[in-house]
Amino acid sequence: MTSQTRMAYPTAIEAIDLVKDYGRGENTVHALRGVNVRFEKGRFTAIMGPSGSGKSTLMHTLAGLDSATDGHIMFNGADITAMTDNQLTLLRRKKIGFIFQSFNLLPMFTAEQNILMPLTLAGDKPDRAWFRQLVRTLGLEQRLNHRPNELSGGQQQRVAIARALISKPALVFADEPTGNLDSVSSAEVLGFLKQSVKELDQTIIMVTHDAVAASYADRAIVFADGRIVADEANPTAEVMNELLMAERDRATRQAAAEAEAMPTASGPRHRR
Ligand SMILES: Nc1ncnc2c1ncn2[C@@H]1O[C@H](COP(=O)(O)OP(=O)(O)OP(=O)(O)O)[C@@H](O)[C@H]1O
Ligand SMILES: [Mg+2]
């Protein structure tokens, strides 16, 4: 990348040597193994990679929902790994929207109340025109008075999307936002996210298992075993599928090589 393109897109958020371990001792899971990545303002990035490779962990850690084991996260000129819980809560409320893989809707509240919750918590008035636009685009007009357990998975997902976007946050994390949607709704949601990046100058970081969904993004990153293994500008579905298959082949070969090198019960196999 040239310094000129770098100047055109200032940094929205950056991870520096980001490490996240779960557990301790022998049972430690190394979910992030020193990730260095910079996301530019006003850009839409997709993150792909096998299940368990650390995609959700990266999103939760970047958003300050989960603490980092080591490393730094620079957002708006500040290192969020050094912030207190209160500072993080305020920052998230004002600047960050998060669409959770598991929706995380509040069961006692209706769809409308869930969507407006970030504003209610912040004591802010909703922009009714924006609320109506979100509800219309996401096809939720007829479901606003339903509670989450009265909604289908896809409808809950769309409520979660509206909730993340209602306060027009500068930075949006979307963890498989189309995972429960049919292909038509999925295309609508992705088109809407892409448009909102343009119109609101938003930064979106989206995890997806769908190479077609990734092709809506300006950039796609492939994650494997807690690391970035590919970083593609203007991704197409074909290129992303090829990268994912190449990564799967590499992982299979590595597992086979490790099994080969593993000492047997009677000692290392290759020793004479
Ligand atoms: N709270 C936790 N405690 C212990 N281990 C965890 C925890 N959360 C995640 N992990 C582990 O960290 C690794 C990365 O998990 P993560 O949820 O980030 O994967 P992912 O790439 O989002 O997978 P998927 O595509 O299935 O959503 C996995 O091995 C997982 O088992
Ligand atoms: Mg995940």
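Over how many bridges do strand 7 and strand 8 pair, and in which sense? Strand 7 (residues 171–175) pairs with strand 8 over 5 bridges, in the parallel sense; two strands pair if DSSP finds at least two bridges between them. Helices (H or I, at least four residues) and strands (E, at least two) are DSSP runs, numbered from the N terminus.

A word on the ground rules: this is a predicted model, where local features need pLDDT of at least 70, side-chain atom pairs count only at pLDDT 80 or more, and totals for chains, interfaces and linings use all residues. Residues are numbered from 1 along each chain as its sequence is written, while chains are lettered from A and ligands numbered from 1 in the order in which they are written.

**Strand 8 and its neighbours**
- A174 has M206 of strand 8 as its bridge partner.
- Between strand 7 and strand 8 the chain passes through helix 7 (residues 183–199), a right-handed β-α-β crossover (with the strands pointing away from the viewer, the path from the first strand over the helix to the second runs clockwise).
- Strand 3 (residues 44–48) also runs parallel to strand 8, joined by 4 bridges, and T45 sits opposite I205.

**Burial**
- Strand 8 (residues 203–207) has 5 of its 5 residues buried, so it is largely enclosed by the rest of the structure; buried means that 20 or more other C-beta atoms, placed from the backbone, lie within 10 Å of a residue's own.
- T203, I205 and V207 point one way, I204 and M206 the other.

**Ligand 1**
- Among the 13 residues around ligand 1, Y22, S51, K55, S56 and T57 come nearest (C-beta atom, placed from the backbone, within 6 Å).
- Helix 2 gives the largest share of this shell, 3 residues.

Terms used:
A residue is buried if 20 or more other C-beta atoms lie within 10 Å of its own, exposed if 12 or fewer, and partly exposed in between; C-beta atoms are placed from the backbone.
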